[in-house]
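Subject: Structure for your review

Dear colleague,

Please find the structure below, followed by an account of what was found in it. I would be grateful if you would read the two side by side.

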Amino acid sequence: MLSTNEYLNILETCKIKGHDDAIIRALRYIDLGYPILLYGPPGNGKTTIAEHILTSLGGGKDTFYEIEGTEGMSEYQIVGGFHPLSMSGSSDLSERFVYKHGTVTRAILDKKNLLIDEFTRAPSSAYSGLFLLLSLGTLPLEYQEMTLTKPDNWVLIATANFGDEGTYRLSNALKRRFVPIDIGYPSSATERSLLATITPDLDERVVAAALKFAEETRAIWKKDRGLPQGLSTDGLIRMARYCELSIAQGSDRVSAFMDAAFHQGTIIADETDPHSLHRVQELVIAIGDQV
Ligand SMILES: Nc1ncnc2c1ncn2[C@@H]1O[C@H](COP(=O)(O)OP(=O)(O)OP(=O)(O)O)[C@@H](O)[C@H]1O
Ligand SMILES: [Mg+2]
């Protein structure tokens with residue numbers, strides 16, 4: 001069990017601010033031995049939090065493996081299987097390359113924890129072995145006479161985005177095996193203090209406008225999915241840094257804000273939907289008028 005000091009230390013050293021409740025919840029479930037899934041809109045610190053937790057728990061970056069889900073991923077990459085060269089006509093090659101462990105198998109055999117980033121980008125068929133391992137605690141490796149056993153203290157964290165389409169749902173199979181933990185948008189006060197550290201010289205009126213822009217885009221997303229996502233904290237930081245640089249190079253604050261907001265707005269809008277682009281542009285103009 002983690003001590004209170006360990007909890008505090010993990011929170012204090014985390015670069016991602018405003019998600020303390022979610023991080024504590026994640027640590028408790030990890031403490032209880034459950035795999036967790038950090039999910040939420042893009043650019044809100046899921047990967048960074050997962051890496052931070054794993055680095056802190058293991059005592060270094062080399063204590064865990066990290067992979068990213070991809071569309072072409074299969075059971076071979078996750079659990080393992082016969083190496084393609086094992087079918088080679090050359091007996092030399094086929095003896096040398098009999099099978100290959102996948103990442104989950106390697107992680108367990110090498111005593112490493114595991115982060116599967118962008119979990120839902122890979123098809124669920126890639127994870128059938130992993131799901132079995134999580135349900136039963138063991139997994140027979142078909143390509144080798146061996147059974148993989150999940151160690152009690154093995155930490156598995158996955159991350160998943162939603163919001164790209166506005167309609168994404170986590171599958172029930174996934175929800176049953178992992179404990180889903182929502183990493184949403186942090187409070188405006190948290191983001192204000194983040195910007196005070198990252199862009200200390202930025203005019204207060206531009207900071208206020210950028211925060212308002214972020215808040216309004218998120219409200220549009222939440223209300224009727226008028227935008228496929230709101231501005232992420234990452235997007236907000238980029239916007240503030242861009243404005244700071246542009247003002248230092250001679251732009252006035254209104255055009256610096258409008259320029260940055262139009263650009264970030266185009267990124268979060270659905271570029272194939274003129275209505276979505278129009279909505280974000282109207283928002284930029286309305287807020288720009290008050291800067
Ligand atoms: N709450 C926050 N506090 C501080 N920095 C943040 C916060 N949210 C996002 N960031 C910034 O955004 C960057 C990107 O975060 P990260 O890649 O972890 O997000 P993500 O949710 O995994 O994104 P994606 O969904 O695109 O994979 C971080 O390195 C950090 O600079
Ligand atoms: Mg990520």
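The axes of helix α12 (residues 253-268) and α13 cross at roughly 160 degrees and come within 9 Å of each other. Here helices (H or I, at least four residues) and strands (E, at least two) are DSSP runs, numbered from the N terminus; axes are lines fitted to C-alpha atoms, for helices over the stretch in contact, and angles run from 0 to 180 degrees between N-to-C directions. The two helices, α12 and α13, are therefore roughly antiparallel to each other. In this scheme, angles under 35 degrees count as roughly parallel, over 145 as roughly antiparallel, 65 to 115 as roughly perpendicular and the rest as oblique.

Please note that this is a predicted model, in which local features need pLDDT of at least 70 and side-chain atom pairs count only at pLDDT 80 or more, while totals for chains, interfaces and linings use all residues. Residues are numbered from 1 along each chain as its sequence is written, and chains are lettered from A and ligands numbered from 1 in the order in which they are written.

From α12, Val254, Phe257, Met258, Ala261, Phe262, Gly265, Thr266 and Ile268 meet Leu277, Val280, Gln281, Val284 and Gly288 of α13, contact being defined by C-beta atoms, placed from the backbone, that lie within 7 Å. This contact comprises nine nonpolar, four polar and no charged residues. For these classes, Ala, Val, Leu, Ile, Met, Phe, Trp, Tyr, Cys and Pro count as nonpolar, Asp, Glu, Lys and Arg as charged, and the others, Gly among them, as polar.

Helix α13 (residues 274-288) also packs with helix α10 (residues 204-224): their axes come within 10 Å and cross at roughly 150 degrees. That angle makes α10 roughly antiparallel to α13, and the crossing of this pair is right-handed. Ala209, Lys212, Phe213, Glu216, Thr217 and Ile220 in α10 meet Arg279, Val280, Leu283 and Ile287 in α13. By class, the contact of α10 with α13 has six nonpolar, one polar and three charged residues.

A further pair is formed by helix α1 (residues 4-12) and helix α2 (residues 20-31), whose axes lie 10 Å apart at an angle of about 135 degrees. That makes α1 oblique to α2. Tyr7, Ile10 and Leu11 of α1 are in contact with Asp20, Ile23, Ile24 and Leu27 of α2; six of these residues are nonpolar, none polar and one charged.

The protein chain is assigned domain 1 (4-182) and domain 2 (188-288), with bounds from an automatic or database domain assignment. The C-alpha centres of the two domains lie 34 Å apart. Their contact takes eleven residues from domain 1 and ten residues from domain 2.

Finally, the shell around ligand 1 draws at least three residues from each of domain 1 and domain 2. Of its 18 residues, Lys46, Thr47, Thr48, Thr233 and Asp234 come nearest (a residue is near if its C-beta atom, placed from the backbone, lies within 6 Å). The shell has five nonpolar, nine polar and four charged residues.

Yours sincerely

Technical notes. Two residues are in contact if their C-beta atoms, placed from the backbone, lie within 7 Å. A crossing is left-handed if the near helix is turned anticlockwise from the far one by less than a right angle, and right-handed if clockwise.
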